[in-house]
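Subject: Structure for your review

Dear colleague,

Please find below the sequence and structure that I am handing over to you. My findings follow directly after them.

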Amino acid sequence: NSYQLWGGRFSEKPSEALQALNISLPYDSRLYADDLDASKAYAEALQRAGYLNTAEADKLVKSLELIRYDWIERTIKFLPTDEDVHTVNERLLVEITGELGQRLHTGRSRNDQVVTDMKLWLRRGIRETLGRLSRVIESAVKQAEVHLGVLIPGYTHMQRAQPVQFSHWLLSHAFALREDCLRLVELRDRANVLPLGSGALAGNPLGIDRLWLAERLGFSGVTANSMHAVGDRDFVVDFIYCCSLVSLHLSRFAEDLIIYSTKEFDFIRLHDSLSSGSSLMPQKRNPDSLELIRGISGVISSNLTGIMMTIKGTPSTYNKDLQFDKEYCFQSFDKLKQVLDVTQGVIQTMQVQRDTMEAALSPDMLATDWAYYLVKKGIPFRQAHHFIGRVVSLAEQRGVGITEVPLGELQKICPAFGSDIASVADYANNVQQYDVIGGTATASIEEQLRLLNNFVKDM
Ligand code: ARG
């Protein structure tokens, strides 16, 4: 009852050790629907080329649908000789249709078949990933809307820099994810050319209408060179790269949140359902969810190296090394899916500690705005920067904030200081000055929210 796609020229079966290594069914079975879809279209193409009559093509298409049903119902009895998803589907087809099923593979190779299946899967994989990404962006947008007006110290080099709005910080991460979405959309469009009809490597001599096949399967065109098409996994590399970048963005976001959720900062409180305790220290509340988000970026990025190293040494066209593309690809997809869901939960449920954030602001963070104050009085910026530096140093010597240095002392450093410097002391007011496109003023953030809301709506 065993079914092998090859074997005519062999007198010995493959060794058990090789079979164990060769079998890809455990991870390529998730291509079953793509494989059936491509086979249905190919049966029709064979009919159009005159290799099957209408009744035969119909029978094949209907039988392939029966096989889909078996996959869905999990009623397939797998055999030890089922090498990969293509073998299983063809074996089942022959079991249903006999000799007719043996005609389906006419002019087709698993080489153009598997890369076609992968491209069909990619479209679904990208669609699902985009859906999850946009839900994460949406949850960030919601929190940013609710907390508009909340201030937080902004950091560079992890040193206190300038006051910004909490929403501005949160949306900075959402915008990175928006770029990721655009990258995936670009990949989806670029990769969407059909390899089927490339045969093993030389193309198809039977008059298969590739353009018709492409349209039938929703591709925007066909690959231009059959040898390139069967050996090309660049779209898998691209996809894993996209996943890696998303995971790096989530990792950086998680790192911010890990710092912000320490007792020392206490800007953010992570929801109980996304934290865990310590088996030893009863008081502990650990941000495991965030650490897993951060850690998984290592797993996904290593898949990028993995696929690149797999391709590196392969000569032209198809080589069995390429079979490993699926493990890298699907693992990256699966892991990313998990962390995107957890990230969404983290954002939706995190508690924003407005009071601690705003209490953490300190007058030294106004130094830049003080320099701008002098600039508005006509002082060149480089000199203003220097004068304020001296004010900061004086305040530090005295152990006070710059806002507590008496006006007389300020005027000794620079005579342009006036009593109106007292107005540059309100963080909320200062933040509102940053009203350029992309700035941290409320009007600028509202524009960012509009952009992201529209983006999510159009996805
Ligand atoms: N399972 C194989 C893969 O995923 C299918 C292609 C096999 N082709 C071949 N000529 N052995 O790469």
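Helix 11 (residues 288-312) and helix 12 (residues 325-349) pack with their axes 9 Å apart, at an angle of about 160°. Since angles over 145 degrees count as roughly antiparallel, helix 11 and helix 12 are therefore roughly antiparallel to each other. The crossing of helix 11 past helix 12 is left-handed. Please note that this is a predicted model.

Helix 14 (residues 367-376) and helix 15 (residues 381-398) have axes that come within 9 Å and cross at roughly 130°. Helix 14 and helix 15 are therefore oblique to each other, and helix 14 passes helix 15 in a right-handed crossing.

As to the overall division of the protein, the domain assignment gives domain 1 (16-106), domain 2 (111-197 + 224-359) and domain 3 (363-458). Between the C-alpha centres of domain 1 and domain 3 there is a distance of 69 Å.

The surrounding residues are S24, D28, D84, R110, N111, V114, Y318, K320, L322 and Q323. Sorted by class, this shell has four charged, three polar and three nonpolar residues. Helix 6 (residues 110-146) supplies the largest share of the shell, namely three residues.

The record places the feature "domain: Fumarate lyase N-terminal" at residues 8-300. Over residues 8-300, the chain is 60% helix and 6% strand, and the C-alpha atoms at the ends are 41 Å apart. The feature "domain: Argininosuccinate lyase C-terminal" is placed by UniProt at residues 365-431. That span, residues 365-431, is 60% helix and 0% strand, with its end C-alpha atoms 11 Å apart.

With kind regards

Conventions
Residues are numbered from 1 along each chain as its sequence is written. This is a predicted model: local features need pLDDT of at least 70, side-chain atom pairs count only at pLDDT 80 or more; totals for chains, interfaces and linings use all residues. Domain bounds come from an automatic or database domain assignment. A residue is near a molecule or strand if its C-beta atom, placed from the backbone, lies within 6 Å of it. Helices (H or I, at least four residues) and strands (E, at least two) are DSSP runs, numbered from the N terminus. Ala, Val, Leu, Ile, Met, Phe, Trp, Tyr, Cys and Pro count as nonpolar, Asp, Glu, Lys and Arg as charged, and the others, Gly among them, as polar. UniProt positions are given in the numbering used here, feature names are shortened, and annotations may be inferred rather than shown by experiment. Axes are lines fitted to C-alpha atoms, for helices over the stretch in contact, and angles run from 0 to 180 degrees between N-to-C directions. Angles under 35 degrees count as roughly parallel, over 145 as roughly antiparallel, 65 to 115 as roughly perpendicular and the rest as oblique. A crossing is left-handed if the near helix is turned anticlockwise from the far one by less than a right angle, and right-handed if clockwise.
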